[in-house]
Amino acid sequence: MDIEQKQSEIIDYFVKQASSAASNASEIASVITDATSHPSLFAFSEILALPNVLQLEATENSVYLDMLRLFAHGTWSDYKSNAGSLPELVPEQILKLKQLTVLTMADAYKVLPYDQLMQELDVINVRELEDFLINECMYAGIVRGKLDQLQRCFEVQFAAGRDLRPAQLGNMIHTLSNWLSTSENLLVTIQEKIKWADSMGEIDKKHKKDVEEKVEEVKKSLFKKLHPVSRQTSTSGAMRRSALNLVE
């Protein structure tokens with residue numbers, strides 16, 4: 001099962017769990033904790049969009065909504081900066097948030113220096129960092145890449161996408177609109193090239209036909225120049241035969 005299908009099934013499960021909790025704030029908070037602790041879940045926007053989850057805002061359980069937003073869009077550094085106003089994370093959540101931090105960095109840059117990764121992940125040495133990247137990121141299927149010990153960097157080849165921030169949606173729509181416009185212009189250009197190629201093909205066919213017709217005209221002209229000699233020879237032969245008949 002690929003990571004996208006697995007994610008979809010897990011998301012569906014937690015969406016149903018959160019929806020069935022209705023307006024029970026403590027149950028919704030429990031679902032949020034379970035979702036952010038799940039080892040194979042890395043997308044939270046569907047849960048975050050549920051009306052009953054959003055109703056946690058301005059309640060005593062609003063910190064769980066803030067925590068869900070953190071896992072949807074934030075990083076380990078964001079948690080450390082706001083730890084006092086968020087629930088304390090369990091080890092599974094800490095691991096998950098550090099994995100999400102790698103995804104955020106991999107989305108922004110394709111070459112990640114070891115020093116920057118160690119600072120963002122609170123890792124104290126290269127061995128621990130490489131073990132984390134291999135065991136917790138690459139084996140999990142969320143990133144692929146090459147560990148370059150000589151250059152002390154991680155070269156990103158693939159990274160799973162994270163949830164979009166609300167502001168990012170407008171930028172993505174703008175980018176896709178530009179891409180669509182460029183694609184349409186390219187299609188028009190291709191169609192014009194095809195029409196030009198077709199017209200050139202017709203011109204080539206006409207030119208070939210004209211050449212063939214001229215060749216035929218030349219052949220006929222040559223034949224006419226040779227034909228009178230042949231006819232004169234035939235006439236002379238006929239006259240000799242007539243003269244012989246008269247003598248006889």
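**Ground rules.** I number residues from 1 along each chain as its sequence is written. Because the model is predicted, local features need pLDDT of at least 70 and side-chain atom pairs count only at pLDDT 80 or more, while totals for chains, interfaces and linings use all residues; side-chain values use heavy atoms, with hydrogens and water left out.

**Sheet.** I looked up the strands (DSSP runs of E, at least two residues; helices are runs of H or I, at least four residues, and both are numbered from the N terminus). Three strands form an open sheet in the order β1-β3-β2, with antiparallel pairing (two strands pair if DSSP finds at least two bridges between them). β1 (111-113) and β2 (143-148) are the edge strands, each pairing on one side only. The twist averages 30 degrees from one strand to the next (angles run from 0 to 180 degrees between N-to-C directions, and axes are lines fitted to C-alpha atoms, for helices over the stretch in contact). I found 6 bridges between β2 and the antiparallel β3 (residues 153-159). Lys-146 has Glu-155 of β3 as its bridge partner.

**Helices on the sheet.** I noted that α8 lies across β1, β2 and β3, at about 70 degrees to β1 (contact means heavy atoms within 4.5 Å). α9 lies across β2 and β3 and runs at about 160 degrees to β2.

**α7 and α8.** I checked how α7 meets α8 (residues 114-121): their axes come within 10 Å and cross at roughly 140 degrees. On α7 the contact is made by Lys-98, Thr-101, Val-102 and Met-105, and on α8 by Gln-116, Leu-117, Glu-120 and Leu-121. These residues divide into 4 nonpolar, 2 polar and 2 charged (Ala, Val, Leu, Ile, Met, Phe, Trp, Tyr, Cys and Pro count as nonpolar, Asp, Glu, Lys and Arg as charged, and the others, Gly among them, as polar).

I looked up the second largest pocket and got a volume of about 200 Å³. A pocket is an open set of points on a 1 Å grid over the protein atoms alone, for a 1.4 Å probe, with protein on both sides within 12 Å along at least five of seven lines; lining residues have an atom within 4 Å of a point. Grid points are joined across faces, edges and corners, and a volume is the space filled by probe spheres set on the points. Of its 15 lining residues, Pro-39, Ser-40, Phe-42, Gln-99 and Ala-140 are the closest to the centre. I count 5 nonpolar, 6 polar and 4 charged residues in the lining. α1 (3-20), α7 (91-108) and α9 (126-138) each supply at least two, and α7 gives the most, with 4.
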